[in-house]
Amino acid sequence: MSFKCLILAAGRGKRMKSATPKVLHPILGIPLIKYVFKAVDSLDPKEVCVVVGYESELIKKELESNPVKFVTQQVQLGTGHAVMSSKNLFKNYKGQILILNGDFPLIKTKTLKSFLKEHIANSCCVSILTGEAENPRGYGRVIRNEDSSVVGIIEERDCNRNQKKIKEINSGAYLVKSEFLWDSLSRLDSNNAQKQLYLPQIIDIAHKRKVKVGVKKLKDIDEILGVNTRNELTNAQNIIRNEIVLMHMNRGVTIIDPKSTFISPTVKIGKDSTIYPNTYIYGDSKIGNKCSIGPSVWIKDSSIGANTNIKMNCFIEETVVKNNVQVGPFANLRPDTIIENNAKIGNFVELKKSRVGVGSKVPHLSYMGDSILGENVNIGAGTITCNYDGVNKNRTEIGDGAFIGSDTMLVAPIKIGRNATTGAGSTITKDVPENSLAIERSKQVSIKNWKRAQKKK
Ligand code: UD1
Ligand code: CA
């Protein structure tokens, strides 16, 4: 089934009360428009075009890695006008055009596929996707005549009292033969409450001209819920989140509290892992088998190996954590960090652009930036790398088996040799050769019979 697709995304989305264009508001870290794009892209369209207008550059940037063409609608004069603005992109194209609002992220590929199939099988000139809504408020209502054939769509603002009671709503998805589309668009008028050119008016025109109108009516209207307000954004999020959580549970993941678990659609989680409440796993993240994650953990664009335990209150971004690793509680793993197998990262530890070798431990209260730790290194509590001199970020290298005493300051650039030791409390400014002890500390003095100052009575 060959078709081209047009996604409408030029509007600001006034009802969101936001400076960000509506279609860029994210659900589980992914902007609304990407859900719509993904649903249609899986059907292998000949081309996808997006109508942009408000903050067009932001939308183009978001979609830049996808095979999408853009057209600009300079002023937003309505959905019909938005489609008209794209006419040049479809020059010489005689086939079917699937038009989709950019703000209905729940739509599924499967549904679009059967919508397309029915439209073509029934040789319709134009088809609409509708659903019976318990609460149709805000949507265009589908008007049918006595023999139940569709005669048009009326926006809520233009409905009379009886029409408002109609529960069948327009989803904002249309399939139209291109010839009919351009012809009917040229006949739109703006005799409506918003004085705009409405795309749904092409259905009235189709009826009047007696061309065949197809209707695919959905039982499950979740799929066609539009997002116009923050409340609708959260509702849509909850539906998507539930589906994702359920999918992981069905594949053998324990999710203690689905309601407080937020997993992006792109995330993979291995069997027998447990996700504790209030956890966010976003972006391009992957969790291995038999992991324990959370509670209250944030993971983004990171990979976690098997049998790894990410304890309470960790923040992890663009990091690779391998197998049998313990992290946290309260660890902050910043981008470009790699934690090798069997390592341990303890509480109140921050790592940035660092690699922690197999079996190494950074158990308490440390900062390691721009560092490479070999295997079986032990970093004493309170140790930090002084990696920044105000201008440059300098590197620290710590060899295999080194033992860094508690509260060591490692002033980078610096190299600590294999099996070297540093004394607790030392400020290390020079490279330490392998197998040696570096200690930098003034000698302790004890003053006998020392009397502390007394408070006057
Ligand atoms: C629209 C439909 C309504 C349907 C509902 C489904 C119209 C007139 N009404 O209403 O029948 O029930 O969707 O959710 O089409 N846009 C542009 N340029 C414009 C105006 C809008 O690109 O000039 C884009 C928006 O960015 C948005 C989409 O078109 O992605 C729909 O616009 P919106 O204002 O949300 O329409 P609704 O009022 O929801
Ligand atoms: Ca809408």
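Trainee: Which side chain meets Lys69 in a salt bridge?

Mentor: The model is a predicted one. Lys69 belongs to strand E5 (residues 69-72), and the pair links distant parts of the chain, 22 residues apart. The partner lies in strand E4 (residues 47-52), and the N to O distance is 3.2 Å. The side chain that meets Lys69 is that of Glu47.

Trainee: Is Glu47 buried or exposed?

Mentor: Buried means under 20% relative accessible area. Glu47 has 16% relative accessibility, whereas Lys69, at 39%, counts as partly exposed. Because its value falls under the cut-off, Glu47 counts as buried.

Trainee: How many residues apart in sequence are the parts that Lys217 and Glu132 tie together?

Mentor: Lys217 forms a salt bridge with Glu132, and the closest N and O atoms are 2.9 Å apart. Lys217 lies in strand E11 and Glu132 in strand E7 (residues 126-132), so the parts tied together are separated in sequence by 85 residues.

Trainee: Which residues coordinate the calcium ion (ligand 2)?

Mentor: The coordinating atoms are an OD of one residue and the OD1 of another, at 2.3 to 2.4 Å. One residue lies in the loop between strand E6 (96-101) and helix H4 (109-121), the other in the loop between strand E11 (213-218) and helix H8 (230-250), so the pair ties together parts that are 125 residues apart in sequence. The residues are Asp103 and Asn228.

Trainee: What is the angle between the planes of Phe262 and Tyr280?

Mentor: Phe262 and Tyr280 form an aromatic pair with centres 4.7 Å apart. Phe262 lies in strand E13 (residues 261-263) and Tyr280 in strand E16 (residues 279-282), so the pair ties together parts 18 residues apart in sequence. Planes under 30 degrees apart count as stacked. The pair is stacked, with an angle between the planes of 5°.

Key. Residues are numbered from 1 along each chain as its sequence is written. Chains are lettered from A and ligands numbered from 1 in the order in which they are written. This is a predicted model: local features need pLDDT of at least 70, side-chain atom pairs count only at pLDDT 80 or more; totals for chains, interfaces and linings use all residues. Side-chain values use heavy atoms; hydrogens and water are left out. Donors are N, O and S atoms within 2.8 Å of the metal (3.2 Å for Na, K and Ca); water is not among the atoms, so sites may look incomplete. Helices (H or I, at least four residues) and strands (E, at least two) are DSSP runs, numbered from the N terminus. Rings of Phe, Tyr and Trp (its six-membered ring) pair if their centres lie within 6.5 Å; planes under 30 degrees apart count as stacked, over 60 as edge-to-face and the rest as tilted. A salt bridge is a side-chain nitrogen of Lys or Arg within 4 Å of a carboxyl oxygen of Asp or Glu. Buried means under 20% relative accessible area, exposed over 50%, partly exposed in between (1.4 Å probe, protein chains only).
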